Amino acid sequence: MILINIPLIDGAPLPFFEQQTVLDAVTYTLRFRWNNREGAWYLSILDEASETMLLADMKIVVPWPLNAYRSGNPMPGALIAFDSEGLDQDPALTDLGIRVKLYYVTGADLGR
């Protein structure tokens, strides 16, 4: 199984940002939102072409496959967050993309 790193935007921590990412030859919009009350990051995935919400508000939990167990999952692969320091701690506000990195496992690797 090959893990494909999804580089996230650099710079000061933002409580909300989005970016376009190509996964399995399809462009998606990944929308990241920090929930201050809970102290957690959430991820939504949109189809970039139609701006249709595919999956909404998945809590980024290390090292859980973020979209693998959602019913009606329209993506062929799975997103997973890993703690690069091996602590298996969920990302704090300033950790996403630095200590906690986002990876994609292709649909082919998952047998889909």
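Which side chain meets Lys-59 in a salt bridge? Glu-38, at 2.8 Å from N to O. By salt bridge I mean a side-chain nitrogen of Lys or Arg within 4 Å of a carboxyl oxygen of Asp or Glu. This pair links distant parts of the chain, 21 residues apart. Lys-59 is in strand β5, and Glu-38 is in the loop between β3 and β4 (40-47).

Ground rules, quickly. The model is predicted, so local features need pLDDT of at least 70 and side-chain atom pairs pLDDT 80 or more, while totals for chains, interfaces and linings use all residues. Residues are numbered from 1 along each chain as its sequence is written, and side-chain values use heavy atoms, with hydrogens and water left out.

Both partners are partly exposed: Lys-59 at 32% relative accessibility, Glu-38 at 41%. Buried is under 20% relative accessible area, exposed is over 50%, and partly exposed is in between, with a 1.4 Å probe and protein chains only.

Now the sheet. It is open, with four strands in the order β2-β3-β4-β5 and antiparallel pairing. Strands are DSSP runs of E, at least two residues, numbered from the N terminus. Two strands pair if DSSP finds at least two bridges between them. The edges are β2 (16-23) and β5 (53-59), each pairing on one side only. β2 and β3 (residues 26-35) pair over eight bridges. In β3, Thr-27 is the bridge partner of Val-22.

Arg-31 in β3 and Glu-18 in β2 are 13 residues apart. Their closest N and O atoms are 2.9 Å apart. Arg-31 is partly exposed at 25%, and so is Glu-18 at 38%.

Last stop, Arg-99. Where is it? In the loop between β6 (78-83) and β7 (100-105). Buried or exposed? Arg-99 is buried, at 10% relative accessible area. Asp-95 is buried too, and forms a salt bridge with Arg-99 at 2.8 Å between the closest N and O atoms. Shared partners join Asp-83, Asp-95 and Arg-99 into one salt-bridge network.

The side chains of Arg-99 and Asp-83 make a polar contact of 2.5 Å. That term means a pair of N or O atoms within 3.5 Å; within protein, one must be able to donate a hydrogen and the other to accept it, and residues adjacent in sequence count only if both atoms are side-chain atoms. The backbone oxygen of Gln-89 lies 3.0 Å from a polar side-chain atom of Arg-99.

In total, the whole structure has five salt bridges.
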